[in-house]
Each structure stands twice: as C-alpha cells, then as structure tokens.
Amino acid sequence: MEPIIKAENIIKKYRLGNQVVSVLNGIDLKIYPGEILVILGTSGSGKTTFLNLAAGLERPTRGNIVIEGNNLNKISEKNMAAFRRKYIGFVFQLYNLLPSLTALENVVLPLVFEGIPSREREKRGRDLLKQMGLGDRLRHKPGELSGGQRQRVSIARALINNPRIIFADEPTGNLDSKTTEEILKLLTATVREKGQTLLMVTHDTEVAGYGDRIVEMVDGKIFNGKAGG
Ligand SMILES: Nc1ncnc2c1ncn2[C@@H]1O[C@H](COP(=O)(O)OP(=O)(O)O)[C@@H](O)[C@H]1O
Ligand SMILES: [Mg+2]
C-alpha cells in the first residue's frame with residue numbers, strides 16, 4: 001500500500017542571530033491510509049515543528065513531505081491554504097478558535113472559503129456539532145464553553161471538509177484526565193468511522209496508547225518503537 005503521508009529526510013534549522021538551531025535532524029516516516037499514528041516525545045523534541053511541516057504550515061530546510069502523491073515543496077504559498085483545506089484537518093492544543101464567533105460559526109469557517117452556501121454550511125456544522133455532543137451549544141462562544149467543549153468544537157472544525165488526514169498536536173494537553181479520555185475516544189472513533197488517517201503528537205504515554213502504532217521522537221529524530229541509545 002502507498003503511504004498517504006511520506007516524510008523524506010526532513011531537516012529543519014532555525015537561525016537565531018548568528019546561532020543556528022537544528023530542530024529536526026533527518027526524519028523519515030511513512031503513514032498509511034486509515035492508520036492512527038502517534039509520535040511520542042518529550043517537550044522540545046521537535047513534535048510541533050514536524051507536525052507543522054507535515055501539515056504545510058511551515059517549510060522544511062531540506063527534505064520532502066509528500067501527501068497523497070503531492071510534494072508540498074512544489075505547492076506555492078498561494079495554493080497551500082486551498083490544498084490544506086482539501087486534504088487536512090488540524091486540531092491544536094489550545095483550540096485556536098476565534099473568540100468572537102459562535103461554536104457553529106467557528107466550525108463552518110473553512111466552508112466559507114470554499115464558497116459553500118450558508119444554508120448548507122449551517123446544516124453541516126449543526127450535524128457535526130450534534131455528533132460531537134454539542135447540539136445544545138451551537139450559539140455559545142468559546143469563552144462560554146469548557147476546555148473539553150472547546151476541543152470538541154475544534155475537532156468538528158477539523159472534520160467539516162471531510163479531509164482524509166487529521167493532525168492533532170497535544171489535543172488533550174490542557175484537559176483533565178476524564179475529559180482527555182472522552183476527547184480521545186471521540187477523536188479516534190470518528191477517525192475510524194470515516195476511514196481517515198490520524199497523526200497525533202504527544203508527550204503523554206497514556207495518550208499515545210490510543211495509537212495503532214507509536215514512534216518516538218528524540219532530539220529531532222524518529223525511532224521506531226523505542227528510543228535509541
Ligand atoms: N521558530 C523557532 N525558532 C527557533 N527555535 C525554535 C522555533 N520553533 C521551535 N524551536 C525550537 O525547536 C525545538 C523543538 O520545538 P517544538 O517543535 O515546539 O517541540 P515540542 O513540540 O516537541 O515540544 C525547541 O528547542 C524550540 O525551542
Ligand atoms: Mg509541541
């Protein structure tokens with residue numbers, strides 16, 4: 001089977017003044033369709049940096065990310081947002097919801113850019129929020145919702161375009177353990193039901209247990225199954 005996401009020798013360096021910080025040091029990774037893959041690593045190991053590159057939010061210094069046969073290096077900045085909307089949903093640790101919009105408005109925002117008529121947007125958003133258990137919170141703003149509810153809204157937003165791939169960066173990093181379990185069950189069950197591929201990064205071994213496969217990130221390198229050394 002062809003991987004749905006392929007990372008080839010990914011290097012990422014940042015220049016800070018005259019110092020160069022080497023964050024990712026040659027990452028090779030293949031993720032297959034329908035897989036729930038977890039990257040486990042301590043804080044500072046490079047998880048967020050890698051996820052941002054894989055999702056086309058940032059560019060690598062060297063190396064290729066290939067998603068469904070599309071090399072992200074060959075997609076212009078101008079076309080990247082549309083590419084991401086088509087293929088990718090992203091769930092952030094701190095939700096990244098717009099505070100002045102309601103739950104429903106946040107969820108359907110990606111559809112606005114697709115030019116989908118408002119009545120259809122609202123229907124899809126309402127249906128999805130109901131599935132997320134938030135049918136009675138459609139008009140609430142993020143500030144009027146609990147952390148777990150905010151993350152449900154953000155999962156709904158990630159799913160609204162029916163992308164084949166979901167990226168999740170420490171999606172339960174700010175939630176208590178009971179809510180963490182609820183959110184991870186919801187996220188993994190939804191992804192499986194829709195046959196999507198999930199790439200999740202976390203520092204938490206319990207969260208990692210939700211993966212079909214776990215790889216470990218240490219100092220910007222990936223180890224299969226266990227850390228080297
Ligand atoms: N924009 C940046 N400029 C310089 N260094 C950065 C930048 N972003 C991340 N880093 C560094 O890269 C390393 C990995 O960061 P990150 O990917 O956020 O790790 P993680 O998500 O695993 O905690 C850290 O040492 C961090 O300081
Ligand atoms: Mg991080």
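Trainee: What do the buried residues of α3 pack against?
Mentor: This is a predicted model, and in it the buried residues of α3 pack against α2 (77-87), α4 (118-131) and α5 (147-159).

Trainee: And which residues of α3 are buried?
Mentor: Helix α3 covers residues 103-113, and its buried residues are A103, L104, N106, V107, V108, P110 and L111.

Trainee: What follows α3?
Mentor: G115 follows α3, and the phi of G115 is positive, near 75°.

Trainee: Let's go on to α4. Which of its residues are buried?
Mentor: In α4 the buried ones are R121, G125, L128 and L129. They cover an arc of only 100° around the axis, so they sit on the same side of α4.

Trainee: What about the other side of α4?
Mentor: R119 and K130 are exposed there.

Trainee: What does the buried side pack against?
Mentor: The buried residues of α4 pack against α3 and α5.

Trainee: How does the length of α4 compare with what its 14 residues should span?
Mentor: At 1.5 Å a residue, α4 should span 20 Å, and its end C-alpha atoms are 20 Å apart, which agrees.

Trainee: What comes just after α4?
Mentor: G133 does, with a positive phi of about 80°. Further on, in the loop between α4 and α5, you find R139.

Trainee: Is R139 buried or exposed?
Mentor: R139 has a relative accessible area of 53%, so it counts as exposed; the cut-off for exposed is over 50%.

Trainee: Which residues does R139 touch?
Mentor: Leaving out residues up to four places away in sequence, R139 touches T102, L104, E122 and E144. Take L104: it is 35 residues from R139 along the chain, yet their C-alpha atoms are separated by 6.5 Å. L104 is also one of the buried residues of α3.

Trainee: New topic, the sheet. What is the strand order?
Mentor: The order is β2-β1-β4-β5, in an open sheet of 4 strands with antiparallel pairing.

Trainee: Which strands stand at the edges?
Mentor: β2 (19-31) and β5 (70-71) do. Each has a single partner strand, so one side of each is left without a neighbour in the sheet.

Trainee: How many bridges join β1 to β4?
Mentor: There are 5 bridges between β1 (residues 5-16) and β4 (residues 62-67). A7 stands opposite I65 in β4.

Trainee: And how many between β1 and β2?
Mentor: β1 and β2 pair over 10 bridges, in the antiparallel sense. R15 stands opposite V20 in β2.

Trainee: How many residues lie between β1 and β2 in the hairpin?
Mentor: There are 2 residues between them, and G17 in the turn has a positive phi of about 60°.

Trainee: Where does α1 lie?
Mentor: Helix α1 (residues 47-54) lies across β1, β2 and β4, and runs at about 60° to β2.

Trainee: How many residues are in the largest nonpolar core?
Mentor: It has 36 residues, and those with the most contacts inside it are L129, V153, I155, I166, L198 and M200. The elements giving two or more residues to this core include α3, α4, α5 and β8 (197-202). A second, separate core has 32 residues, among them A7, L72, F90 and V215.

Trainee: Back to M200. What is it in contact with?
Mentor: Apart from neighbours within four places in sequence, M200 is in contact with L37, V38, I39, A168, P171, L184, V207 and Y210.

Trainee: We've had several glycines with positive phi. Which way does phi usually go for the rest?
Mentor: Most residues other than glycine have a negative phi. In this model Y95 has a positive phi of about 70° although it is not a glycine. D219 is not a glycine either, and its phi is positive at about 45°.

Trainee: Where are Y95 and D219 found?
Mentor: Y95 is in the loop between β6 (88-91) and α3. D219 is in the loop between β9 (213-218) and β10 (221-224).

Trainee: Is Y95 buried or exposed?
Mentor: Y95 is buried, with a relative accessible area of 9%, whereas D219 is exposed at 60%.

Trainee: Last one: where is S43?
Mentor: S43 lies in the loop between β3 and α1, and is exposed at 72% relative accessibility. S43 and H203 are 160 residues apart in sequence, but 6.5 Å apart in space, C-alpha to C-alpha.

Methods. Residues are numbered from 1 along each chain as its sequence is written. Chains are lettered from A and ligands numbered from 1 in the order in which they are written. This is a predicted model: local features need pLDDT of at least 70, side-chain atom pairs count only at pLDDT 80 or more; totals for chains, interfaces and linings use all residues. Side-chain values use heavy atoms; hydrogens and water are left out. Buried means under 20% relative accessible area, exposed over 50%, partly exposed in between (1.4 Å probe, protein chains only). Contact means heavy atoms within 4.5 Å. Two strands pair if DSSP finds at least two bridges between them. Axes are lines fitted to C-alpha atoms, for helices over the stretch in contact, and angles run from 0 to 180 degrees between N-to-C directions. A nonpolar core is a set of buried Ala, Val, Leu, Ile, Met, Phe, Trp, Tyr and Cys residues joined through side-chain atoms within 4.5 Å. The expected span of a helix is 1.5 Å times one less than its number of residues. The arc is that of the directions from the helix axis to the C-beta atoms.
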